[in-house]
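Here are a few exercises to work through with the model open on your screen. Try each task before you read its solution.

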Amino acid sequence: MLTGGGARAAYQVGVLQTLAQLHRRSGAARHSNPFPILAGTSAGAITAAALACQADDFDHAVRRIARVWQSLHARHVYRADAISALRSGARWLTLLSLGWAMARWHRTRPRSLLDHAPLAALLRRTVPLQRLPQLFEQGHLQGLAVTASSYTTGEHVTFFDSGAPVPAWRRSQRRAERERITHQHLLASSAIPFVFPATLLEHGERREYFGDGAMRQTAPLSPAIHLGAERLLVVGAHHMPPPRQGPPAAGAAHYPSLAQMAGHALSSIFLDALPGDVERLERINTTLALLPQPALARYGLRPLRCVLITPSQPLDALALRHLRVLPPAVRALLGALGLHAGSADPRNAELASYLLFEPEYTRALMALGRADALARADELCALLDWPAPGAAPGNAAPPP
């Protein structure tokens with residue numbers, strides 16, 4: 001299960017690179033797929049779909065995804081030239097400052113800070129969704145789920161496809177629909193609020209506008225579990241520091257810039273539900289361990305093994321060191337929100353950390369992902385029943 005985070009998703013690609021390395025060392029067949037169920041949100045939905053489309057060769061899929069990210073530039077994701085910035089972001093900021101009366105006068109409505117039309121072309125080139133039916137039929141893939149949030153109904157929606165029949169589900173404020181996954185679903189899931197425009201999806205006679213799937217996502221692990229997963233590898237894109245001990249350090253308080261407030265809001269959207277859902281799963285596992293096996297079988301209950309990997313260091317601090325590589329027009333837009341390359345406060349770079357689709361930054365994130373995953377190689381191999389690093393192939397590590 002891969003979460004969202006814009007450019008931060010490059011970290012997840014680094015984790016996948018280490019997983020591919022461990023996969024090769026395990027002695028598993030080249031065409032075996034260690035992840036027959038894939039679920040993703042936002043940028044994680046795009047990576048999950050790219051993996052699903054090449055589920056018959058996991059190692060090749062990871063290499064191909066890594067090549068894309070290593071050469072990715074902002075212009076491949078959103079229009080970053082000065083003219084496009086004036087058409088979208090500058091007009092958006094101008095209307096925000098002058099009021100909606102000006103908008104009504106000019107008969108215009110700003111849709112988003114940036115135009116992500118280039119992303120649609122990138123997806124068509126790099127995510128061959130037409131392969132999915134064949135991969136389901138051949139048994140390489142069991143299920144794919146992509147989540148988005150409906151601006152029209154206010155519900156959180158999971159779109160899924162699977163090889164075997166899986167009943168759709170509905171819970172409070174969230175629902176699942178079985179559909180053939182398209183590039184429009186990926187655009188909808190990754191439409192960061194305010195930053196990218198909403199995406200229109202049509203379901204028969206219904207038409208709904210969707211935005212980023214991280215919004216209102218109360219149960220991020222749910223899609224994978226409904227699709228039949230019994231072991232979960234969850235890769236986030238946000239640093240989760242340990243609980244603070246004692247009061248925060250004293251220091252001068254400064255009024256937050258718009259960029260800092262926007263970054264804080266996005267981090268809340270992308271992060272808050274994940275650790276709570278993982279903690280809930282662990283509590284349920286603890287409860288199930290107290291029940292006798294016949295009771296578990298009678299009610300169809302089962303414990304789920306789960307490993308959560310998130311960045312070992314704050315990514316906003318990493319983004320702060322790479323602000324200079326943003327396209328000039330985007331730097332100007334963010335400067336209007338109070339973000340400047342000379343800022344010393346990493347919190348001012350949170351918003352930029354989602355938009356820094358530039359090799360210097362994404363490669364640093366991938367290196368961090370590789371290192372973090374390698375540091376937990378024993379745990380990953382145990383989850384996947386692979387030999388521990390250094391063990392002879394074929395001697396599978398025991399479950400924890």
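Rings of Phe, Tyr and Trp (its six-membered ring) pair if their centres lie within 6.5 Å; planes under 30 degrees apart count as stacked, over 60 as edge-to-face and the rest as tilted. This is a predicted model, so local features need pLDDT of at least 70 and side-chain atom pairs pLDDT 80 or more, while totals for chains, interfaces and linings use all residues. Residues are numbered from 1 along each chain as its sequence is written, and side-chain values use heavy atoms, with hydrogens and water left out.

**Exercise 1. Find the ring pairs, and work out which parts F35 and F58 tie together.**

Step 1: count. The rule gives 6 aromatic pairs.

Step 2: take F35 and F58. Their pair is tilted, at 5.7 Å centre to centre with 55 degrees between the planes.

Step 3: F35 sits in the loop between α1 (10-25) and β1 (37-41) and F58 in helix α3 (residues 58-70), so the pair ties together parts 23 residues apart in sequence. Helices (H or I, at least four residues) and strands (E, at least two) are DSSP runs, numbered from the N terminus.

Step 4: check burial (buried means under 20% relative accessible area, with a 1.4 Å probe and protein chains only). F35 and F58 are both buried.

Step 5: look for a cluster. Ring pairs link W69, Y78, F196 and F357.

**Exercise 2. Work out how strand β5 is paired with β3 and with β4.**

Step 1: apply the rule that two strands pair if DSSP finds at least two bridges between them. Strand β3 (residues 156-162) runs parallel to β5, joined by 5 bridges; here F160 stands opposite R178.

Step 2: turn to the other partner. Strand β4 (residues 170-171) pairs with β5 in the antiparallel sense over 2 bridges, and R170 has R175 as its bridge partner.

Step 3: inspect the turn. β4 and β5 make a hairpin with 2 residues between them, and Q173 there has a positive phi of about 65 degrees.

Step 4: check cover. In β5 (residues 174-178), 4 of the 5 residues are buried.

Key: Buried means under 20% relative accessible area, exposed over 50%, partly exposed in between (1.4 Å probe, protein chains only).
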